[in-house]
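Okay, thanks for coming, everyone. Let me put the structure up and then we'll walk through the contacts.

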Amino acid sequence: MTDRATQIETVRRLAGLEGAAWERVVSRAEQYFDGFPLAGRRVLDVGAGRGVFSLWMRLVLGAGEVVALEPSLGVGGHDDFAAMLARRFESAGVDGLRVAVNTIQGYPASEGPFDAVVSLNSINHVDEVRISLDPPSPERARFEAIFAKLHDLMGPGGDLLVTDVARHCLERYTSKVGLPRLFTPGIEYDIHQDASTWARLARGAGLVDVRWWGLASRRLAPLGALARHPVVNKLTNANFILRARRA
């Protein structure tokens with residue numbers, strides 16, 4: 001194996017994934033981090049979950065340090081993600097992987113600066129709300145504070161990467177008339193926001209070069225750039241990648 005292939009296999013082994021589940025991780029990692037500089041950089045992974053992408057960033061992409069931010073109590077109170085992450089990182093046998101037990105709201109800005117901050121399918125979970133964040137509201141104000149914190153945690157020239165599923169997409173409406181959801185099974189649309197909403201919050205926090213595009217599912221990958229077009233994205237899996245930068 002090449003060094004890269006060896007490191008990818010190490011991540012797979014530590015994650016305990018096989019088959020289609022692992023292929024999905026690889027497909028997403030390749031799209032998430034395409035053209036996103038990480039080598040030698042200090043990275044904050046907000047809502048790191050089981051730490052698969054934290055491991056990918058450190059082992060495969062050569063990030064200098066990855067801090068996995070995760071509250072101690074897991075989803076539904078069933079899994080202590082932070083303790084699991086610590087064990088998994090120790091098993092990796094490398095320096096530069098660390099768990100921070102906190103929320104983004106409670107995490108001190110003094111822990112920065114970070115060269116990159118990533119939130120991979122977690123931004124909507126840091127303060128789950130069921131309303132659109134576009135109109136002014138107390139909920140929007142809370143997320144304005146969250147994006148201000150992300151800005152403050154990044155050093156000058158730092159990069160932000162956010163991925164999520166859109167609140168509005170074709171299957172949200174076709175499912176109401178009984179049609180099956182082929183691309184977004186199990187998605188609870190009301191706790192998500194559209195990419196344009198997150199983009200406005202990022203700009204409002206002073207971030208620049210804000211842009212987003214669709215995430216191609218593996219079945220649509222042969223379509224290339226067309227699969228990532230915003231219109232095609234809304235008609236299919238509604239997953240997106242948003243990037244921004246601190247000036």
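I'll start with the overall picture, then go through salt bridges, aromatic rings and one surface patch.

First, some housekeeping. This is a predicted model, so to speak of local features we need pLDDT of at least 70, and side-chain atom pairs count only at pLDDT 80 or more, while totals for chains, interfaces and linings use all residues. Residues are numbered from 1 along each chain as its sequence is written, and side-chain values use heavy atoms, with hydrogens and water left out.

So, the overall picture. The chain has eight helices and seven strands; those are DSSP runs, numbered from the N terminus, with helices being H or I of at least four residues and strands being E of at least two. The C-alpha atoms fill a box of roughly 50 × 40 × 35 Å along the principal axes. For 247 residues, a compact globule would have a radius of gyration near 18 Å, and the chain agrees, at 18 Å. That radius is taken over C-alpha atoms, and the globule rule is 2.2 Å times the number of residues to the power 0.38. Of the 247 residues, 49% count as buried, where buried means under 20% relative accessible area, exposed means over 50%, and partly exposed is in between, with a 1.4 Å probe and protein chains only.

On to salt bridges. The search of the whole structure turns up 12 of them, each one a side-chain nitrogen of Lys or Arg within 4 Å of a carboxyl oxygen of Asp or Glu. What does Arg 42 pair with? Its partner is Glu 65, with the closest N and O atoms 2.8 Å apart. Arg 42 is in strand S1 (residues 42–46) and Glu 65 in strand S2 (residues 65–69), so to speak of distance along the chain, they're 23 residues apart. Glu 65 is partly exposed, at 22% relative accessible area. Glu 65 also meets Arg 98 in a salt bridge, 3.5 Å from N to O. Arg 98 sits in strand S3 (residues 97–100), so this pair ties together parts 33 residues apart in sequence. Arg 98, at 32% relative accessibility, is partly exposed too.

Arg 42 has another contact: its charged end sits over the ring of Phe 114, 4.1 Å from the centre. The rule there is NZ of Lys or CZ of Arg within 6 Å of the ring centre and within 35 degrees of the ring normal.

Next, the rings. We pair rings of Phe, Tyr and Trp (its six-membered ring) if their centres lie within 6.5 Å; planes under 30 degrees apart are stacked, over 60 edge-to-face, and the rest tilted. That gives eight aromatic pairs. Take Phe 147 and Trp 198: their centres are 5.9 Å apart and their planes are at 25 degrees, so they count as stacked. Phe 147 is in helix H5 (residues 138–153) and Trp 198 in helix H7 (residues 195–204), 51 residues apart. Buried or exposed? Phe 147 is buried, at 0% relative accessibility, and Trp 198 is buried at 1%. Elsewhere, Tyr 32, Phe 33 and Phe 53 form one aromatic cluster.

Last stop, the surface. Leu 170, Val 231 and Leu 235 make a nonpolar patch of about 260 Å². Leu 235 belongs to helix H8 (residues 230–235) and is partly exposed, at 47%.

Conventions
Patches are made of residues with over 30% relative accessible area and no salt bridge: like charges are joined within 9 Å, nonpolar side chains (Val, Leu, Ile, Met, Phe, Trp, Tyr) within 5 Å. Accessible areas come from the Shrake-Rupley method with a 1.4 Å probe; for residues, only the protein chains shown count as cover.
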